[in-house]
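My notebook is open and the viewer is loaded. I'll jot down what I look up, one entry at a time.

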Amino acid sequence: MSTSSSLKLLLELAQQQTDASSKKLGKLNFQQQEAEKKLNLLLQYRQSYQAHLQNAIATGIDQMEWLNFIAFMNKLDAAINEQRQAVLHAQNKRIAGSNEFLFHQRKLKSYDTLSQRQQAAENLRQSKYEQKLQDEFASNAFNRHSFPKNDN
């Protein structure tokens, strides 16, 4: 296998890895956003429920309602803490996915640079070869016209 085809294969593989890590990063971003939305909904619900309690306290609340409220708020706070952990976990996974994507992107850029350099070197070699052929052709033509054959 030639260096050119090996490099082309590496370039294609790096492109596939970059594309795959890009898709993965998109999914991780979405998952983080969804986790943050759930957290915000829980926080809004808690705030709303607390406002509802404030109104109930102003109008009067019995002990059983108070105990139910406390139990519910404890469960809601536990759910909020759990969702905060889920958000943190999603953020960490997104950061890792972003680092992986950047790694693959740098690798792709490196292979692309090598490929461009190889192509430039090949173009230069081909140009020199063509120039050599043209010089030989011109030299032969000059020699034919300058020094005609003596058929005598």
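**Entry 1: buried spots on helix 2.** I began with helix 2, where the buried residues are Phe-69, Met-73, Leu-76, Ile-80, Gln-83, Val-87, Ala-90, Gly-97, Phe-101, His-104, Leu-108 and Ala-141. Buried means under 20% relative accessible area, exposed means over 50%, and partly exposed is in between (1.4 Å probe, protein chains only). Helices here are DSSP runs of H or I with at least four residues, strands are runs of E with at least two, and both are numbered from the N terminus. An α-helix has 3.6 residues a turn, so residues three or four places apart point the same way. What covers these buried residues? Helix 1 (3-59) is part of the cover.

**Entry 2: ground rules.** I noted that this is a predicted model, where local features need pLDDT of at least 70, side-chain atom pairs count only at pLDDT 80 or more, and totals for chains, interfaces and linings use all residues. Residues are numbered from 1 along each chain as its sequence is written, and side-chain values use heavy atoms, with hydrogens and water left out.

**Entry 3: the other helix.** I listed the buried residues of helix 1 too: Leu-7, Leu-11, Ala-14, Thr-18, Ser-21, Leu-25, Leu-28, Gln-32, Ala-35, Leu-39, Leu-53 and Ala-56. Their cover includes helix 2.

**Entry 4: helix lengths.** I checked the spans, and the expected one is 1.5 Å times one less than the number of residues. Helix 2 has 84 residues (63-146) and should span 124 Å; its end C-alpha atoms are 121 Å apart, which agrees. Helix 1 has 57 residues and should span 84 Å, and its ends come out 83 Å apart, so that agrees as well.

**Entry 5: between the helices.** Just after helix 1, I found Gly-60 with a positive phi of about 110°. Asp-62 then caps the N-terminal end of helix 2, with a side-chain oxygen 3.2 Å from the backbone nitrogen of Met-64.

**Entry 6: the core.** Which residues make up the largest nonpolar core? I wrote down 9: Ala-35, Leu-39, Leu-53, Phe-69, Met-73, Leu-76, Ile-80, Val-87 and Ala-90. Helix 1 and helix 2 are the elements that give two or more residues to this core, and helix 2 gives the most, with 6 residues. Such a core is a set of buried Ala, Val, Leu, Ile, Met, Phe, Trp, Tyr and Cys residues joined through side-chain atoms within 4.5 Å.

**Entry 7: two close-ups.** Contact means heavy atoms within 4.5 Å. Leaving aside neighbours within four places in sequence, Phe-69 is in contact with Tyr-49 and Leu-53. Is His-104 buried or exposed? His-104 is buried, with a relative accessible area of 11%. Again leaving aside neighbours within four places, His-104 is in contact with Gln-17, Thr-18 and Ser-21.

Entry 8: Ala-86 and Phe-137 are 51 residues apart in sequence and 75 Å apart in space, C-alpha to C-alpha.

**Entry 9: the whole thing.** I counted up the secondary structure: 2 helices and 0 strands. The radius of gyration is 36 Å, well over the 15 Å that the globule rule gives for 152 residues, so the protein is more spread out than a compact globule. That radius is taken over C-alpha atoms, and the rule is 2.2 Å times the number of residues to the power 0.38. The C-alpha atoms fill a box of roughly 135 × 30 × 15 Å, taken along the principal axes. Of the 152 residues, 16% count as buried.

Notes
Polar contact = N/O pair within 3.5 Å; in protein donor to acceptor, adjacent residues only side chain to side chain.
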